[in-house]
Amino acid sequence: MELIDYNRYVWRTDPAVPGRHIREAGGGEAIEDIWKLTKHGEQNLFLGVYATLSTPTDSVTLFNHVKSAWRSLRWEVPIIAASTSHDWHGEGKVPTAFIVYDEAKSEEDVQKWIDETTKIFPTYGAENKTLDDLRYDIGQTPIPINDFDRQTFIYLVPYSPTKFGLLFHTSHVPVDGSGVKILMTKFLNHLVSYIADPAGYAKAENAKIQWGKEAEHLLPIVTEILREEEPEVRDETGRVISEAKKAEPRDGPEYWQTLGDVMKGLVEGMPRAHHFKSFIEPRFDPTTSTPKTRRYEYQFTEEQSKKIHGAGSIGVNGNTEKLTVNHLVHGALSLIPLFDNPPPPDTDALVFYYGLVDGRQHLRKDYRDPLAYPGYCLGMSALHISASLFHKFPKEDKKGLVLAYAKEVKREYLKQAAYPALVAIEPQQGDLMLSAPAPPPWSGPAYAADGKGAVYLHPKYTAGDVTIDIDHFFIGLNKCDPGP
């Protein structure tokens, strides 16, 4: 196998269209595009935020500030105004997807983009409608539908002079779940500044914004900014404050070993995947109808949350190793298809997952700050959770089963974390996956967790005497496969 040509994914200008910048989508970016194309908006991404504003502001004024903040965010992160295009290779063949950015030609051009990508829903509050209602109302149509369509939007729902909601809606191609939270943090920093000092902040922003030069801020694909070798750093007392870090290789033995092992895990694991047997009837048939995707939310009480956090502590429940909330919840989820569809005792089946993981710690130091890379930065390897373990405990011993499966999850997480080139292989891994026959519709469990929300979505924003506090947020994405 030949090494992939990384130059495919480097931004370049389009000689046929002045001011146009284009690069091929790589790895997960390309797979997200194919899912969207073939599954009616599969993986279209949402971030909903409920917020409290310290200074009462009428809805018209607040919306004007939202539009100003959106303009400032485009200068800072132009990818929010990017689009997607394709080279088509004939029926039944996978197209080549491109991420496209057209420089703003004028302030009027920017205003047109703002008008097309922002909207206020002034009646939702009086109608007692939530951001989930809005997500359902606007989220059934895939974005983008056509090449070069708008694909990233911000919506405002005012609830009172001090309460409002924001819904960020985007294609999953240029950004991941952590990325949308970073974008929201940057957006809210602009928003609170415009509310606190509209004239002063606008003047400061206008002094630095130069439309036609914003492409300098386009984010590179992750394989162009991988972690370099970093020496150990000690303070004046000799205490280690930063461990030595190895470079993430784009070629060489560790690269090929990672790619080979990851692809082997996918190829050998998928045929052994254990599925649900119970489905919502009638089952959704994507060949005859379009899906209606809706999000369901359950909030654990404070008491329940403390119990979950405590359940994984060493010395609790006989634990000899620390288990995180992710280990416990992911382990519990793995039991659901086994209770629904019990495997035989001698099974070699797996509770199989596409194990997605935030890859930002694999990046170069200047891109590892929590807010430094609001693009698409995910690594992926298969997680193999043994189904046969299910028969080693009495079925009524739910606690024992959860802890056992949590330890299996932890083992797989550690295996994944040890790969030296998990993010570097993404473009080549994506090419290999897209060259294989399409798998059948997924009918097993899926799990995604973004960790502590405050890492990427800050809980409080302050400018002058004005504060915005985040009361609640959610991440959602469209899933269209027939499910239980």
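The secondary structure of this chain comes to eleven helices and 14 strands. The model is a predicted one. The C-alpha atoms fill a box of roughly 70 × 70 × 55 Å along the principal axes. A compact globule of 484 residues would have a radius of gyration near 23 Å, and the chain has 24 Å, so the two values agree. Of the 484 residues, 50% count as buried. The accessible surface of the chain comes to about 23000 Å², and carbon and sulfur atoms account for 55% of that surface.

The chain may next be considered in terms of its domains. The domain assignment gives domain 1, residues 8–216, and domain 2, residues 246–452. Their C-alpha centres lie 29 Å apart. Where the two domains touch, 31 residues of domain 1 are in contact with 23 residues of domain 2. Contacts may also be sorted by separation along the sequence: among those in the chain between residues at least 6 apart, 77% join residues at least 24 apart.

The interior comes next. In soluble globular proteins, nonpolar side chains tend to be buried together. The largest nonpolar core of this chain has 82 residues, and those with the most contacts inside it are Met184, Phe187 and Ile468. Helix α5, which spans residues 177–196, gives the most to this core, with nine residues. Domain 1 and domain 2 each supply at least three residues to this core. What surrounds Met184? Leaving aside residues up to four places away in sequence, Met184 touches Leu47, Val49, Ile154, Leu166, Phe168 and Leu457. A second, separate core has 15 residues, among them Tyr353, Leu389, Leu401 and Ala404.

Is His330 buried or exposed? Its relative accessibility is 3%, and a residue under 20% is classed as buried, so His330 counts as buried. Apart from residues up to four places away in sequence, His330 touches Tyr353, Leu383, Val409, Tyr413 and Tyr447.

Strand β8 covers residues 163–170, and seven of its eight residues are buried, so the strand is largely enclosed by the rest of the structure. Strand β3, residues 45–53, pairs with β8 in the antiparallel sense over eight bridges. Within this pairing, Leu45 has Thr170 of β8 as its bridge partner. Strand β7, residues 152–160, also runs antiparallel to β8, and eight bridges join the two. Here Tyr155 has Leu167 of β8 as its bridge partner.

Another group of strands forms an open sheet. Four strands take part, in the order β1-β2-β5-β4, and their pairing is antiparallel. Which strands stand at the edges? They are β1 (12–13) and β4 (83–87); each has a single partner strand, so one side of each is left without a neighbour in the sheet. The pairing of β4 with strand β5, residues 96–102, extends over five bridges in the antiparallel sense. In that pairing, Ser83 stands opposite Val100 in β5.

What covers the buried residues of α1 includes β2 (20–24), β4, β5 and helix α11. Eight of the eleven residues of α1 are buried, so this helix is largely enclosed by the rest of the structure. The buried residues are Gly28, Glu29, Ala30, Ile31, Glu32, Asp33, Ile34 and Lys36. After α1 comes His40, whose phi is positive, near 50°.

Key:
Residues numbered from 1 in each chain as written. Predicted model: local features only at pLDDT ≥ 70, side-chain atom pairs only at ≥ 80, totals over all residues. Heavy atoms only, no water. Core = buried A, V, L, I, M, F, W, Y, C linked by side-chain atoms within 4.5 Å. Buried < 20%, exposed > 50% of the residue type's maximum accessible area, 1.4 Å probe, protein only. Domains from an automatic or database assignment. Contact = heavy atoms within 4.5 Å. Pairing = 2+ DSSP bridges. Rg over C-alpha atoms; globule rule 2.2 N^0.38 Å. Areas by Shrake-Rupley, 256 points an atom, 1.4 Å probe, with all protein chains shown as cover.
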